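This report describes a single protein chain, from its overall dimensions down to selected residues. The sequence and the coordinates are shown first.

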Amino acid sequence: MAALDGLPPLRDVIHRHGLDAKKALGQNFLLDLNLTQKIARTAGPLEDVTVIEVGPGPGGLTRAILALGAKKVVAIERDPRCLPALAEIGAHYPDRLEVIEADALKIDFETLADGPTRIIANLPYNVGTQLLVNWLLPKRWPSFWQSLTLMFQREVGLRIVASADDDHYGRLGVLCGWRTKARLAFDVPPQAFTPPPKVTSTVVHLEPIENPIPCPVKSLERVTHAAFGQRRKMLRQSLKPLGGEALLAKAGIDPQRRAETLTVEEFCRLANCL
């Protein structure tokens with residue numbers, strides 16, 4: 001990779017700019033440039049595509065995305081210490097890298113889209129799940145993004161792809177199953193990062209379902225929150241605040257079932273009956 005793009009090795013970049021990863025920012029820098037290329041390739045063809053990246057850090061994944069031909073990368077970075085390293089990448093790829101210093105949770109991502117847009121990111125652990133939910137529930141659907149290729153802790157990845165009767169199935173699995181086709185792409189071991197996290201990471205690839213089951217977002221959120229908030233209880237009990245047995249009867253669902261047994265379609269039915 002260093003030979004491919006002519007930029008210095010990432011370890012040198014980190015040392016030169018004094019970029020020790022900060023736990024408070026959820027930072028774990030990915031230094032293996034073969035892996036960053038593998039992540040970028042998982043997103044699919046990048047020619048003529050705008051890529052939004054969150055938390056680029058010293059820019060290993062940024063470099064891979066640009067080297068694979070993305071039209072433009074819009075990188076959201078909260079840590080000002082990383083900006084000089086990213087500026088060096090921008091100079092190497094004139095007019096193809098835009099860096100925005102901001103908190104990703106406060107960004108209106110739809111305004112950053114420019115033609116076909118994919119989101120690719122090694123997400124900071126402390127905000128990754130919330131960002132994913134925000135991208136799943138935009139103002140309009142189909143969304144502005146063509147795909148999401150994201151790295152999470154493996155535990156979160158399993159929750160994203162889980163379906164009914166899976167131990168990892170919960171609200172996140174319902175939302176992802178409702179609006180996307182999600183798959184686990186590959187695991188990334190702790191030693192690939194600096195500093196190494198205590199857990200294995202997983203790259204997840206999600207593509208939007210153009211016409212998901214019609215369902216009010218707020219109602220689906222309320223139903224899943226109530227049902228999985230007391231997942232060990234029967235639905236007649238966990239859904240009591242929303243109508244309990246009357247709601248379940250209206251949706252044609254056995255009140256003695258538990259949340260983890262319901263399919264995405266059944267949760268949408270409940271939400272539509274709310």
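## Asp103 and the annotated set

Asp103 is partly exposed, because its relative accessible area is 22%, and buried residues would have to fall under 20%. The model is a predicted one. Asp103 is found in the loop that runs between strand 4 (97–101) and strand 5 (117–122). The side chain of Asp103 reaches the backbone nitrogen of Leu105 at 3.0 Å.

Asp103 belongs to a set taken from a record. In an unreviewed UniProt entry, the annotation "binding site" covers Asn28, Leu30, Gly55, Glu77, Asp103 and Asn122. Asn28, Leu30, Gly55, Glu77, Asp103 and Asn122 from this set are also found in the lining of the largest cavity. Such an annotation may be inferred rather than shown by experiment.

Asn122, from the annotated set, is placed in strand 5. Asn122 counts as buried because its relative accessible area is 15%, and the cut-off for buried is under 20%. Which residues does Asn122 touch, not counting residues up to four places away in sequence? They are Asn28, Leu30, Val54, Gly55, Leu61, Met151 and Phe193. The list includes Asn28, Leu30 and Gly55, which the UniProt annotation also covers. For Asn28 there is a polar atom pair as well: its backbone oxygen lies 3.4 Å from a polar atom of the side chain of Asn122.

## The chain as a whole

The protein chain has 12 helices and nine strands. Its radius of gyration is 20 Å, close to the 19 Å that the globule rule gives for 274 residues, so the chain is as compact as a globular protein of that length. Along the principal axes, the C-alpha atoms fill a box of roughly 65 × 40 × 25 Å.

Of the 274 residues, 51% count as buried. The accessible surface of the protein chain comes to about 12,500 Å², and carbon and sulfur atoms account for 50% of that area. Among contacts in the protein chain with a separation of 6 or more, 70% are between residues 24 or more positions apart.

Leu10 is in helix 2 (residues 10–17). Is Leu10 buried or exposed? Leu10 counts as buried because its relative accessibility is 2%. Leaving aside neighbours within four places in sequence, Leu10 is in contact with Leu30, Leu31, Leu33, Pro58, Gly59, Gly60 and Arg63. Leu30, one of these contacts, is also touched by Asn122. The C-alpha atoms of Leu10 and Ala85 are separated by 9.7 Å, and the two residues are 75 residues apart along the chain.

Ser147 lies in strand 6. Ser147 counts as buried, since its relative accessibility is 0%. The side chain of Ser147 makes a polar contact with the side chain of Arg118 at 2.9 Å. Not counting residues up to four places away in sequence, Ser147 touches Ala43, Thr117, Arg118, Ile119, His205, Leu206 and Glu207.

## Backbone geometry

The others are Asp95 and Asp165, which have a positive phi although neither is a glycine.

| Residue | Angle | Loop |
|---|---|---|
| Asp165 | phi about 70° | between helix 7 (154–161) and helix 8 (171–179) |

Are Asp95 and Asp165 buried or exposed? Asp95 is exposed, because its relative accessible area is 78%. Asp165 also counts as exposed, with a relative accessibility of 58%. The cut-off for exposed is over 50%.

Conventions: Residues numbered from 1 in each chain as written. Predicted model: local features only at pLDDT ≥ 70, side-chain atom pairs only at ≥ 80, totals over all residues. Heavy atoms only, no water. 1 Å grid on protein atoms, 1.4 Å probe; cavity = no way out; pocket = protein on both sides within 12 Å on 5 of 7 lines; lining within 4 Å. Helix = DSSP H or I, 4+ residues; strand = E, 2+ residues; numbered from the N terminus. Buried < 20%, exposed > 50% of the residue type's maximum accessible area, 1.4 Å probe, protein only. Polar contact = N/O pair within 3.5 Å; in protein donor to acceptor, adjacent residues only side chain to side chain. Contact = heavy atoms within 4.5 Å. Rg over C-alpha atoms; globule rule 2.2 N^0.38 Å. Areas by Shrake-Rupley, 256 points an atom, 1.4 Å probe, with all protein chains shown as cover.
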